[in-house]
Structures are given as structure tokens and as C-alpha cells.
Amino acid sequence: MKKILTGLQPTGTITLGNYIGAIKQMVNNQDKYNSYLFIADMHAITVKQDPKTLHQNIKNLLAIYLACGIDPQKNTIFIQSENEYHANISWFLECNTSFGVLTRMTQFKDKSKKNEKFTSGLLTYPVLMAADILTYDVDYVPVGIDQKQHVELARDIAINFNKVYGETFKIPKPLITETGTKIMDLVNPTKKMSKSSENQNGVIRILDSEKEIRNKIMKATTDSDNQIKFDVENKPGISNLINIYSALTQLTIKEVEQKFLNSSYAEFKKATADLVVNELTSIQEKYQQLINSKQLNEILDNGIKIARKEAKTKYELMKTKIGLGR
Ligand code: AQP
């Protein structure tokens, strides 16, 4: 059975973007692949985090994974920082990755612009992500299109390492949704919808109340020509809502346009809000049942056992290949 792996950062309550780009894909693929899903807490600290909030976000994220339909019987679920081999393997890879390549990563350029005192971890983040992926010899990495560049870097790092030290890693591929959907901010639809966004009105979070979801969608930025047509360049707001509608119904973009051919923006927004509320309400009900359950720790205990064992084997192999130790 082929393997897939992905992880999300516990940097805040996850967004509709994270759900559509990453989690939903894992749920849809969990019967088909040997699936690994982790909580990327070490990635989260590349930017400043309040320790108490981070700790709570880690637990919340696990409950959200399960509430969204991730089946612990079909996924190896673990917390990244509980597997110390990721950081060790990342160091080996860092010493085989050029500094220049990392400075050209889009996400680094965006995030470093926001804070002059950015950490060196923000620069080397994609190498840690390569370690997360390459450690388990995965075939595919389900990600949103915004992370495609990082998966491609992981491929390059693996190819280069194999060339220098001999066959060590499987070469992974990104697994992107068919439409390659990137969900955009509702207020500023030329910007990605992000957990850490400052403007709350632009971001739908998985645990938002029905009222919040409806308000945010009804107030979403659109244009003035009142035509429900997909045109990212000239109509980014409406195109974003079409993308959301399409991702949650599995209708194609063309089918969504057709369905709302004679509708007003207000009608289309209401239909989109109904859809999102419907999808998120059932997730929220399951979340409330799970958040204080003992099951969460058991799942993490099982997952980390499997993940550490595999990671240790890869770590030892790399050490030998590189010539480290006794
Ligand atoms: N807007 C989005 N549309 C589609 N997919 C998205 N992803 C993130 N935002 C969107 C996908 O979700 C996964 C989680 O990524 P992450 O938590 O590791 O970090 P990220 O990509 O940096 O996500 P955020 O929400 O933007 O977090 P912050 O604000 O902390 O940086 C990835 O698969 C990503 O593609």
C-alpha cells in the first residue's frame, strides 16, 4: 500500500482553507493509502507562540482531526516534537541544502517581510518539512497548492542526498486537490486565508459559530457586476466563493457557475454560507464530544510508537551513510 503523510501547525484554530486543502484530502484518501498525520508543533515555533496557547492548540488540533473524519484506525497520528528524530534528520539534511535555495522560498519571503526579527528557524523550516516527509519514505504528500514548493524542495533534497550518499530516500510527490484550490481571505481575496491572519473577518475557522460564519460570508468582498463567474484576476472575491462551493460539493467550477447563472450575489453568498454551516456544524458537534476524551492520549501513544520506530531506522541509516559516530 502506498504511503501518504501530512501535518498541520497548531498555530491557531484551523481555517476552512486548511480543512479543504489538507484535512479533507487526508479523510478522502485514508482508505486508499497507509496514512500518517502529525501535529507540526516544531514548525509552529518558527514564529513567536505563547506556550500555554500553543499547548492548548496542540490538543485542540488532534480533536479537530478526528472530528473532521480522520480515523485513528487508518492513520498513524503523532506529535512532531515527541519524535526527536525529525530534528536530528533535519540537521543532516540542512547540512546538505544550500542557503540560497532556502532564501528563495515564497513562504519565507512572505513571513520574513512581516517581522524584521525573524528567526533562522523560519528560513530552515522547509528542511524540517523535508525531514518530516523523507523520514517515512512516503509516496505522496497531500497539501494545498501554497505548500507545493516545499514538497518540491523535499524532492530535490532527497534526489541530491541519494546522489551523494547512495539510495536512502524514496522521492515523494505532492498530492494537490484536482482544482488545486487555494482558499483566499474573505476580506482581501488576493491573500491566502491563514490561521494567523490578523483580520478575523477574512478567516472562517472550523469552530466559528453559525452566526460568525454567515456574517463573514455575507460581508465577503466581491465586485459590482453581479455575475457569478470564475475569474481570479478580475473577480477574486466571487472566484474564491465559487472555489469554496465547488470544494464542498464536488461540483466543478463550471457546474457551480451554471447552477447560479441567474442568482444574485446575495443569493449565492447565502447558499455558500448554508453549505459551510452545514459542513462545520457536524464537525463541531463531534469536536465537543472528543475534546475531553481519554481516547486522545491513547491515539497519540500508539502513533508515536510507530513513528519513532520508523524514524530511528532512517536516522541510523543516514548516520552510517554520512560517516557519523563511532
Ligand atoms: N488557504 C488555504 N487554502 C488551501 N490550503 C491551505 N493550507 C493552508 N492554507 C490554505 C494547507 O493546509 C495545510 C496546513 O498548513 P500549515 O498549518 O502547516 O501551515 P500553513 O500552510 O502556513 O497554513 P496557515 O493556515 O497559513 O498557517 P499560518 O498562518 O500559521 O502560517 C497545508 O497543507 C497547506 O497547504
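Predicted model: local features only at pLDDT ≥ 70, side-chain atom pairs only at ≥ 80, totals over all residues.
View 1. Residues are numbered from 1 along each chain as its sequence is written, and side-chain values use heavy atoms, with hydrogens and water left out.

View 2. Domain 1 brings 14 residues to the contact and domain 2 brings 15 residues, with contact meaning heavy atoms within 4.5 Å. About 1300 Å² is buried between the two domains, and carbon and sulfur atoms give 72% of that area. Buried area here is the accessible area (1.4 Å probe) that two parts lose on being put together, summed over both. Look for Thr13, Leu16 and Ala67: together they supply 39% of the area that domain 1 buries against domain 2, more than any other three residues.

**View 3. A salt bridge across the interface.** One salt bridge is counted between domain 1 and domain 2. Lys24 forms a salt bridge with Glu279, and their closest N and O atoms are 3.2 Å apart. The term stands for a side-chain nitrogen of Lys or Arg within 4 Å of a carboxyl oxygen of Asp or Glu.

**View 4. Thr135, tucked into a loop.** You will find Thr135 in the loop between α7 (120–134) and β4 (140–142); helices (H or I, at least four residues) and strands (E, at least two) are DSSP runs, numbered from the N terminus. Thr135 is buried, with a relative accessible area of 3%, where buried means under 20%, exposed over 50% and partly exposed in between (1.4 Å probe, protein chains only). Its side chain reaches the backbone oxygen of Ala131 at 2.5 Å. Leaving out residues up to four places away in sequence, Thr135 touches Ile89, Ala311 and Lys314.

**View 5. Two residues with positive phi.** Most residues other than glycine have a negative phi. Asp137, in the loop between α7 and β4, has a positive phi near 50° and is partly exposed at 26% relative accessible area. Asn226 has a positive phi of about 55°; this residue sits in the loop between α9 (210–218) and α10 (236–249) and is partly exposed, at 44%.

Key
Polar contact = N/O pair within 3.5 Å; in protein donor to acceptor, adjacent residues only side chain to side chain.
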